[in-house]
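The sequence and the coordinates come first.

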Amino acid sequence: LRSARKEAFQADSFQELGTRSGFTAEHDTFRASVRKWAAEKVRPFLGQWEESKTTPRSLWEDAGQNGLLCLTTPEAYGGPGSDIRFASIVWDEMAYAGAMGPGIGFGVHSEIVAPYLLHYGSAEQKARYLPGLAQGRCIGAIAISEERREGKE
């Protein structure tokens with residue numbers, strides 16, 4: 001069955017709501033709210049954050065309050081238990097806003113760190129950290145290192 005929704009190539013702009021058959025009207029409503037949030041809470045401050053090389057904790061807390069973090073985290077742990085398409089909307093809209101720093105940070109936090117805790121953390125770790133990640137009170141990060149080998153730099 002073909003969707004009644006426009007495909008991206010049929011739209012005047014890739015950012016036009018209601019395009020792309022993989023999304024629903026619920027996704028479109030969410031996209032509009034994320035776009036508005038990014039325009040009000042992110043875009044005006046990007047230069048300042050780039051210069052200071054930091055994103056304020058208040059942005060994370062605001063993102064959590066607006067349901068933009070840990071979208072695939074189950075409700076039992078403080079998330080909405082949404083499908084991954086909602087998370088992809090946050091990535092898209094942060095990119096459209098030119099906010100790659102916070103956008104990548106939100107993605108790592110929400111779709112790498114939180115799922116790792118969900119799948120491999122103890123019950124105590126899940127209860128302790130996942131709600132805080134979803135609310136933006138805790139900020140998740142990853143660290144990666146490589147084994148040092150003799151004679152290799």
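**Entry 1, ground rules.** I noted that this is a predicted model, in which local features need pLDDT of at least 70, side-chain atom pairs count only at pLDDT 80 or more, and totals for chains, interfaces and linings use all residues. Residues are numbered from 1 along each chain as its sequence is written, and side-chain values use heavy atoms, with hydrogens and water left out.

I looked up the secondary structure and found six helices and zero strands, where helices (H or I, at least four residues) and strands (E, at least two) are DSSP runs numbered from the N terminus. I then checked burial: 36% of the 153 residues of the protein chain count as buried, with buried meaning under 20% relative accessible area, exposed over 50% and partly exposed in between (1.4 Å probe, protein chains only). For contacts (heavy atoms within 4.5 Å), I read that residues 24 or more positions apart account for 55% of those with a separation of 6 or more. The chain exposes about 9700 Å², of which carbon and sulfur atoms supply 52%; the areas come from the Shrake-Rupley method with a 1.4 Å probe, and for residues only the protein chains shown count as cover.

I listed the buried residues of H3 (residues 57–65) as Leu59, Trp60, Asp62, Ala63 and Gly64, and their cover includes H1, helix H2 (46–52), H5 and helix H6 (123–135). After H3 comes Gly67, with a positive phi near 70°.

I took H4 (residues 84–96) next: its 13 residues reach 18 Å from the first C-alpha to the last, close to the 18 Å expected at 1.5 Å a residue, the expected span being 1.5 Å times one less than the number of residues. Its buried residues are Phe86, Ala87, Ser88, Ile89, Val90, Glu93 and Met94, and they pack against helix H1 (25–41) and helix H5 (100–120). At the start of H4, I found a side-chain oxygen of Asp83 within 2.8 Å of the backbone nitrogen of Arg85. The side chains of Asp83 and Arg85 also meet in a salt bridge (3.1 Å, N to O), the term meaning a side-chain nitrogen of Lys or Arg within 4 Å of a carboxyl oxygen of Asp or Glu. Arg85 is partly exposed at 32% relative accessible area, and Asp83 is partly exposed at 27%. H4 is followed by Gly98, whose phi is positive, near 80°.

How many salt bridges does a search of the whole structure find? The search finds six. One of them joins Arg31 and Glu93, with the closest N and O atoms 2.9 Å apart; Arg31 lies in helix H1 and Glu93 in helix H4, so the pair ties together parts that are 62 residues apart in sequence. Arg31 is buried at 3% relative accessible area, and Glu93 is buried at 2%. I also noted that Arg31, Arg35, Asp92 and Glu93 are linked in a network of salt bridges.

I looked up Glu40 and Lys36, whose salt bridge has its closest N and O atoms 3.1 Å apart; being four residues apart in helix H1, they are separated by about one helical turn. Glu40 counts as partly exposed at 42% relative accessibility, whereas Lys36 counts as exposed at 52%.

Key. Polar contact = N/O pair within 3.5 Å; in protein donor to acceptor, adjacent residues only side chain to side chain.
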